[in-house]
Amino acid sequence: GSVVLAVIIAAVIVICILVSNANNPVNKMINAINNGEYKTANELYYNNYNALSDNKAVIDAIQAQVDAVKKAYDDGSMDYDTAMDKLDDISDLPMSYETSLSEVRSEIRELESSADYLKQGDEYLKKKEYSNAIYYYDEVLEKDTANYKKAQEQRAKAIDGIRQEYLDEAKEEFAIIVKRNEAVYEVLLELLQFSKKETVKTIAE
């Protein structure tokens, strides 16, 4: 009988702990944050300010949300506008200023600009405006691992394009020089032939 009583008591204690944890404002707020229920999380915070203010577990939960946005943007599963909107929502959470949200927002903006530079470089490359293409490829950030390698490859193509242009111009100039020289040669030949005729004529006289 004492064993059964001990088991019952232990079960009651476990249930009480579980209920207590479920009703704990910290756990409630963390669950709300994890479920993306930011409005509920805000209400919990202001209704339980003393228990939740500067709570590390809550701050860690918010940081996890920020990290998830950055990861999703980096792997391409979340586009720029969605990422910015999500970070704006997270910024409404109390204590979000204790996370890296501001830095992540800035980094995503930089990476998006970097991707845009690659696109602009590609547009100029198609138009064979090689100098402009190189300018934009040089603006692609090295930390932009999704685009930096391609930017360098495209930059090399633009440089090859410039070299080809110089080569073509040199060939055109050479052809013009040859043509001019041929014309000069023909004039000189005619003068030489005329001079020979005049010499023969003089001797004959």
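## Terms and model

Buried means under 20% relative accessible area, exposed means over 50%, and partly exposed lies in between (1.4 Å probe, protein chains only). By that rule arginine 105, at 16% relative accessibility, counts as buried.

Please keep in mind that this is a predicted model, in which local features need pLDDT of at least 70, side-chain atom pairs count only at pLDDT 80 or more, and totals for chains, interfaces and linings use all residues. Residues are numbered from 1 along each chain as its sequence is written, and side-chain values use heavy atoms, with hydrogens and water left out.

## Overall build

The protein has 9 helices and 0 strands; helices (H or I, at least four residues) and strands (E, at least two) are DSSP runs, numbered from the N terminus. Along the sequence the pattern reads α-α-α-α-α-α-α-α-α. Of the 205 residues in the protein, 28% are buried.

In soluble globular proteins, nonpolar side chains tend to be buried together. Here the largest nonpolar core has 29 residues, and those with the most contacts inside it are Met29, Ile33, Val58, Leu87, Ile90 and Ile108. Two or more residues each come from α2 (25-34), α3 (38-47), α5 (56-74), α6 and α7 (101-126). Helix α5 gives the most to this core, with 8 residues. As for the term, a nonpolar core is a set of buried Ala, Val, Leu, Ile, Met, Phe, Trp, Tyr and Cys residues joined through side-chain atoms within 4.5 Å.

## Salt bridges between helices

The structure holds 10 salt bridges, each being a side-chain nitrogen of Lys or Arg within 4 Å of a carboxyl oxygen of Asp or Glu. In one of them, arginine 105 meets aspartate 88 at 3.0 Å, N to O. Arginine 105 lies in helix α7 and aspartate 88 in helix α6, so this pair ties together parts that are 17 residues apart in sequence. Aspartate 88 counts as partly exposed because its relative accessibility is 36%.

Lys70, Asp74 and Glu107 are linked in a network of salt bridges.

Glutamate 110 pairs with lysine 143 in a salt bridge whose closest N and O atoms are 2.6 Å apart. Glutamate 110 sits in helix α7 and lysine 143 in the loop between α8 (130-138) and α9, 33 residues apart, which links distant parts of the chain. Both ends are partly exposed: glutamate 110 has a relative accessible area of 37%, and lysine 143 is at 46%.

Aspartate 122 forms a salt bridge with lysine 150, with 3.7 Å between the closest N and O atoms. Aspartate 122 belongs to helix α7 and lysine 150 to helix α9, so the pair ties together parts that are 28 residues apart in sequence. Aspartate 122 is buried, at 14% relative accessible area, whereas lysine 150 is partly exposed at 40%. Lysine 150 and leucine 118 are 32 residues apart in sequence and 8.3 Å apart in space, C-alpha to C-alpha.

Helix α9 (residues 148-204) also contains glycine 161. Glycine 161 is buried, with a relative accessible area of 9%.

## An exposed aspartate

Aspartate 81 lies in helix α6 (residues 80-91). At 53% relative accessibility, aspartate 81 counts as exposed.
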